[in-house]
Amino acid sequence: MFLHNFKYEILSSIRVKDLIMWLILFPIILGTFMKIAFGSIYENDTIFSTIPTAVVENEKSEIFHSVIDALEKSDQPLLKVSYMSEDEAMKALENDDVKGIIFVETTGASSMESKLSLKIKKNGIEQTILKEFTKNYSAQESIMKDAIENNPANIGAVTETLSKEMTITSERPMTDGNTDPFVAYMYNLVAMVAMFGCITGLHVATANQANLSQLGARKNCSPTPKMISIVANLLGSFIVQGVCTSISITFQVLVLGIDYGTRLPLVYLGGFVGGVLGVSMGFFVGSISTWSENLKIGILMGLTMALCFLSGLMFGDMKAIIELNIPILNDLNPSAIIADSLYYLNMDADLGRFFFKIISMIAYSAVFMTGGFLLTRRRKYASL
């Protein structure tokens, strides 16, 4: 009877249209919109890369060429310069092949003195760096000129010193994980899918209460012990919920290209245990009182979305705000615990904090299931 109830729970769950909508289609649609909205912000506005730049000269400037050559020899060059005619440079800027055009106009009798001007197509971090470069070069060119005229032997050292002042600070990552802050929305999306398992947990509780459903009445009349029926139904729900969470994670990785780091199997583990927590919470709430199933669904959905909001699904900084003011709320929020487990898995070389969150989810699940079992087992009916 256990295997029959287990198989029946899986088959009946996958036939529920609401489950397909909320646990599979909705996360896919929401994740796609999040990727479109936030996917390129980090790359465009945060991560630095060598800036492709066009240079247009009316005459070759020895000082300018010396500085550019020194910049391009660094480990992480500030600029990748292409010398072009004005027409070629304007076409490259229009096609986004370069981020800006530096016009170099020699002003002295020799090629020592020059005047720089910059043309850009739009504003951004790379264009701001180009503006700072042209401004700093103009301020420091006189130093280069004096060095060449008074002590030509030191021109190499002076050029190297000035070029270092114009380069950006070298990048030293604190972690090998994905540092894109917007991937936190995807962690919370997985947490939302896991928490939506509360609906399947609610159905398990309802299907085993004779006063709430006809199926519950039939089960209470059957010779199968109620405990065996409930355990089989819960295990079936855990499997279905785990599959739905895995689909969401797989879609994010393979279709949306979300980088979860090098420990992808543990990401699935975190999602599965989070799904167990969601189902257990729904089972517990469904075992309370004799309220109608629709009312309990409304309570669970409202509670789930509130928990997801507090963990940062709708407003990314919300979790940080709570951490500053009421940190214990993040420790108690099941949605935040699930999202944090994925965050620590990605950012920490050590797995200690990840497994602490896994243990926290298991503890939560144990409390919810124990409460649900106690409430369901002790319920008696005068007639069916």
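This is a dialogue about reading a predicted model of one protein chain.

Biologist: How do I read the sides of a helix, and which residues of helix α5 are buried?

Modeller: A residue is called buried when its relative accessible area is under 20%, and exposed when that area is over 50%. In helix α5, which spans residues 86–94, the buried residues are Ala 89, Ala 92 and Leu 93. They lie on the same side of α5, because they cover an arc of only 100° around the axis. The face turned away from that buried side carries Asp 87, Lys 91 and Glu 94, which are exposed.

Biologist: What covers the buried residues of α5?

Modeller: The cover includes the strands β1 (51–57), β3 (100–106) and β4 (114–120). For another picture, turn to helix α9, residues 198–206, where eight of the nine residues are buried. Among the buried residues of α9 are Cys 198, Ile 199 and Leu 202.

Biologist: Which residue just after α5 takes a positive phi?

Modeller: That residue is Asp 96, with a phi of about 65°, and the positive value occurs here in a residue other than glycine. Asp 96 lies in the loop between α5 and β3, and at 42% relative accessibility it counts as partly exposed.

Biologist: How do I read a salt bridge, and how many does a search of the whole structure find?

Modeller: Look for a side-chain nitrogen of Lys or Arg within 4 Å of a carboxyl oxygen of Asp or Glu; the search finds four such salt bridges. In one of them, the side chains of Asp 96 and Lys 121 meet at 3.5 Å, N to O. Asp 96 lies in the loop between α5 and β3 and Lys 121 in the loop between β4 and α6 (125–150), so the pair ties together parts that are 25 residues apart in sequence. Lys 121 is partly exposed, with a relative accessible area of 41%.

Biologist: Where do Lys 135 and Glu 132 lie?

Modeller: Both lie in helix α6, three residues apart, which is about one turn of the helix, and their side chains meet in a salt bridge at 3.5 Å, N to O. Lys 135 counts as exposed at 51% relative accessibility, whereas Glu 132 counts as partly exposed at 36%.

Biologist: Which residues make the nonpolar surface patch?

Modeller: Ile 20, Met 21, Trp 22, Leu 25, Ile 29, Phe 33 and Ile 36 make a patch of about 670 Å². Ile 29 is found in helix α2, residues 17–38, and is partly exposed, with a relative accessible area of 43%.

Methods:
Residues are numbered from 1 along each chain as its sequence is written. This is a predicted model: local features need pLDDT of at least 70, side-chain atom pairs count only at pLDDT 80 or more; totals for chains, interfaces and linings use all residues. Side-chain values use heavy atoms; hydrogens and water are left out. Patches are made of residues with over 30% relative accessible area and no salt bridge: like charges are joined within 9 Å, nonpolar side chains (Val, Leu, Ile, Met, Phe, Trp, Tyr) within 5 Å. Accessible areas come from the Shrake-Rupley method with a 1.4 Å probe; for residues, only the protein chains shown count as cover. Helices (H or I, at least four residues) and strands (E, at least two) are DSSP runs, numbered from the N terminus. Buried means under 20% relative accessible area, exposed over 50%, partly exposed in between (1.4 Å probe, protein chains only). The arc is that of the directions from the helix axis to the C-beta atoms. Contact means heavy atoms within 4.5 Å.
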